Structure formats: C-alpha cells, structure tokens
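Take a moment to look over the sequence and the model below. Then read on with both in view.

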Amino acid sequence: RMKRGNDGEVFYPIYVVCSSTSTINLVPIDWTSGMILKLMNLGAKDEIYNITHPNPPNAKWVMDTGFKVLGIRGVKYLESSERRPVSVEGLSSIQNRADSALARYIPYVTEEAVFDLTATKRALGADFVAPPEITADFLAKLLNYAALKNFGHLDIRHPNIVFSPCVTLFY
C-alpha cells in the first residue's frame, strides 16, 4: 500500500488507458430522470430519444481532474491498451488492481460515441433543458461524496461502518 505524503497526496506510478481526444458522456442523474419523465409524459411515438450531454467533457480532462481531487499523482496515460512498461519494481500488483478495476471503462475513455439530440429536442420543444456543464467543481463534489462513502465498499475491519477517508481538494 502506498503511503500518503505530508501534502495528503499519494503517488501511484501506474498506466491508465485513456484517449487524449475522446469525450465521455457524463450527465447528472437528476437531469436525466427529469428528461425521462418529460418524455414519458408525451407517450410512445416510435422514436429513439437520446438523453446525453450535448457538450461532453474530454475523457482525459475528467481523469486528470478526478485524480487531482482524490490526491493521486504519478498516473501516466496510454492512448490504447498497448503494452505498457513496468516503471518500478514491486508495483505490478498496484498496476494489476488498477487494470482490473478500470478495464470495463476502456470503451468509454477511448472511443468517441456521438448521440444525436435532435429527436429529443424536437419532442420536448420548449421543455428541453440542456444539462449543466461538467466542471471541476461538479466532479469534485461527486468524487468527495464517493470517497466519503468509500466508493460503496464497507470497511472490512468494521463491516457496519462505512470508511470515510480524508480527501484533499486541489484547484
């Protein structure tokens, strides 16, 4: 386990697959559910309504911002699942854990899916409201809450208590 430095940051010299050009479709759940309810009230029309962000953020920016918020340094990016060098002896277990945790997200951070909002905007008309911009503050709020809840994992030492790690914000 890597130790946190005096500044509260932790250094993980690992490689993460993430395209520098792809965007990632992040939308707040309250906006998404609001759009779904508005569309449901219209009734079935035999159309496909995409409920996506018209201006999705860059995937690498989201990753950089997330690691900064969580106080994680040392991450390097690969554009694809190419073979990565082993940087420091003994860190392969950390790399393996990162790989297994992040593998399912590779398509989301390396591909450029574009969803047309034309049908959604046309169906909702004046009731269509664009989602809020995904900002560093918004990501920090989400990640700090997730960290407070230990990302949904219980502390195995105290199974009835959710672990609450300290997270440092850097802006």
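The paragraphs below go from the whole chain to single residues.

This is a predicted model, in which local features need pLDDT of at least 70, side-chain atom pairs count only at pLDDT 80 or more, and totals for chains, interfaces and linings use all residues. Residues are numbered from 1 along each chain as its sequence is written, and side-chain values use heavy atoms, with hydrogens and water left out.

Start with the overall layout. The protein has six helices and four strands. Both kinds of element are DSSP runs, numbered from the N terminus: helices are H or I runs of at least four residues, and strands are E runs of at least two. Read from the N terminus, the order is β-β-α-α-β-β-α-α-α-α.

Next, the surface. The accessible surface comes to about 11,400 Å², and 58% of it belongs to carbon and sulfur atoms. Such areas come from the Shrake-Rupley method with a 1.4 Å probe; for residues, only the protein chains shown count as cover. Of the 171 residues, 32% count as buried. Buried means under 20% relative accessible area, exposed means over 50%, and partly exposed is in between (1.4 Å probe, protein chains only).

How does the chain meet itself? Take the contacts with a separation of 6 or more: residues 24 or more positions apart account for 80% of them. A contact here means heavy atoms within 4.5 Å.

Now go inside. The largest nonpolar core has 21 residues, and Ile14, Val16, Phe67, Ile72 and Val75 touch the most other members. H2, helix H3 (92-102) and H6 each supply at least two residues of this core. H2 gives the most, with five residues. A nonpolar core is a set of buried Ala, Val, Leu, Ile, Met, Phe, Trp, Tyr and Cys residues joined through side-chain atoms within 4.5 Å. Valine 16 shows what this looks like up close. Leaving aside residues up to four places away in sequence, valine 16 touches Met63, Phe67, Val75, Lys76, Tyr77, Leu78 and Leu102.

Which residues of H6 are buried? They are Leu139, Ala140, Leu143 and Ala147. Seen down the axis of H6, the buried residues fall within an arc of 100°, so they line one face of the helix. The arc is that of the directions from the helix axis to the C-beta atoms. An α-helix has 3.6 residues a turn, so residues three or four places apart point the same way. The buried residues of H6 pack against helix H2 (59-69). On the face turned away from the buried side sit the exposed residues Asp137, Lys141 and Tyr145. After H6 comes asparagine 150, with a positive phi near 55°.

Charged side chains come next. The count is three salt bridges. Each is a side-chain nitrogen of Lys or Arg within 4 Å of a carboxyl oxygen of Asp or Glu.

Arginine 73 is partly exposed at 41% relative accessibility, while glutamate 9 is buried at 14%.

Another joins glutamate 47 and arginine 122 (2.6 Å, N to O). Here too distant parts of the chain are linked: glutamate 47 is in the loop between helix H1 (29-42) and H2, arginine 122 is in helix H5 (residues 118-124), and they are 75 residues apart. Glutamate 47 is partly exposed at 34%, and arginine 122 is exposed at 53%.

Lysine 60 and aspartate 64 also form a salt bridge (3.1 Å, N to O). They are four residues apart in helix H2, so about one helical turn separates them.

Finish at glycine 71, in the loop between H2 and S3. Glycine 71 is buried, with a relative accessible area of 1%. Glycine 71 and valine 10 are 61 residues apart in sequence, yet 6.1 Å apart in space, C-alpha to C-alpha.
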